[in-house]
Structure formats: C-alpha cells, structure tokens
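I opened this model to take notes on its strands, its pocket space and one of its helices. My entries are below the view.

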Amino acid sequence: TCLQYNFEMYPDITMISISGNHDFAEVNLLDKPAESALEYLATVFPQFVLLDQCDQMFTTAGGTVIWGIPYYEHPEHFRAVLLDTAQGINKKDYRNILLTHQTIGSGLPIEDTISPDDPLFDNFDFIFNGHIHHGEQLTDKFVNVGSPMARDAGDIGKQKGFWIVDLDDP
C-alpha cells in the first residue's frame, strides 16, 4: 500500500489525522461515537496517529501540541467537545494546533457549524479544518484545508493541492 511504502521510506514521519464524515460507518454522535475506517490505519501503522477522542493529543519534539476533533453530525456536539478541549489547553507553555472537520466559513448554502473567529478558538494558535472541499485561509490562524483532488464536476477549474506547515517556523 501507499502508506506502508511511505512509512518504510520515511520511518521518522508521523501522520496525524482525525475522522471526517466519509470515514465513519454511521453518524458520529457525542453519546454514540461511530466506528471510523481510520481506526484500522491507526492499528496497522504505529506512525499513523488518530486523534478522535477528546482527551487525546499529540505533542511534537518541538513543543507543539496537536488536538483533534472529528466530524460530529450535530453542531452542538462539536461545540461541547471544542469547549472541553479549549479548557484543557496550557496556552503559556505550548503552541496549540487544532484539527477539525466541520462546516466552518464555507460560503455554501448550508448552515455553518461555527464561525472561524468564535472565541472558543482563542486558545489555539492555528486551526486546520476539513470537510469543506475548497481550500481557503479564513483568518490569520484558521484554514479550511480543502481537498487535494477534484471531487466532482463542481471542482473543475478550482485550485487543488495541500498545505505544508513547518512546526518549527510556522
């Protein structure tokens, strides 16, 4: 597989992920977490870290803490987990990055889960959000990462790619 090859070629690289809506076998709810296909990758590959539990975090050698909140079907579930996560942050000693997968600042004719400048994001230095297939930096610290490939004909002519973040010099 591609991941196996990459992890063999680059054994010191860690891939950090959260589950999105397409990764779950059913609807993900706060009181009834759904099974994610990414759990398999986290089991098979030690370098693949899945941050789907609200008490999980990943700390880099350089002192950056990465938090994750997977996709939740209901906005109030996402907000509850975001509140719990934000309250557990030690802002003074670490740089904090949040990975999310929600409808944020999309500009689409659907209801956004939360605004990218909501005070609940204040304790984070950077927020990288999935779910919206169009990549865009919404604020100085909030990025909808987008998808690296076209999903359907609606993506024709839209810029695609990926973000590279140097945690030593963001």
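These entries cover a sheet, a pocket and a helix, in that order.

I noted first that the model is predicted. I then traced an open sheet of six strands with mixed pairing, and I read its order as β3-β4-β5-β6-β8-β7. At the edges I found β3 (57-59) and β7 (136-137), each of which pairs on one side only. I looked up how β7 is held to β8 (residues 142-144): two bridges join them, and the two strands run antiparallel. Glutamate 136 stands opposite asparagine 144 of β8.

I asked how much space lies in the largest pocket. The value is about 1,600 Å³. I listed the elements that give two or more residues to its lining: α1 (2-9), β1 (15-17), β5 (95-101) and β6 (126-130). The lining has 41 residues, and Met15, Ile16, Ser17, Val145 and Phe162 lie nearest the centre of the pocket. I sorted the lining residues by type and got 23 nonpolar, 17 polar and one charged.

**Helix α3.** I checked the length of α3 (residues 75-87). Its 13 residues, at 1.5 Å a residue, should span 18 Å, and the end C-alpha atoms are 18 Å apart, so the two agree. I then asked which residues of α3 are buried. They are His77, Phe78, Val81, Leu82, Thr85 and Ala86. Seen down the axis of α3, these buried residues fall within an arc of 160°, so I wrote them down as lining one face of the helix.

Technical notes
Residues numbered from 1 in each chain as written. Predicted model: local features only at pLDDT ≥ 70, side-chain atom pairs only at ≥ 80, totals over all residues. Heavy atoms only, no water. Pairing = 2+ DSSP bridges. Helix = DSSP H or I, 4+ residues; strand = E, 2+ residues; numbered from the N terminus. 1 Å grid on protein atoms, 1.4 Å probe; cavity = no way out; pocket = protein on both sides within 12 Å on 5 of 7 lines; lining within 4 Å. Points joined across faces, edges and corners; volume = space filled by probe spheres on them. Nonpolar A, V, L, I, M, F, W, Y, C, P; charged D, E, K, R; others polar. Expected span 1.5 Å × (residues − 1). Buried < 20%, exposed > 50% of the residue type's maximum accessible area, 1.4 Å probe, protein only. Arc of directions from axis to C-beta.
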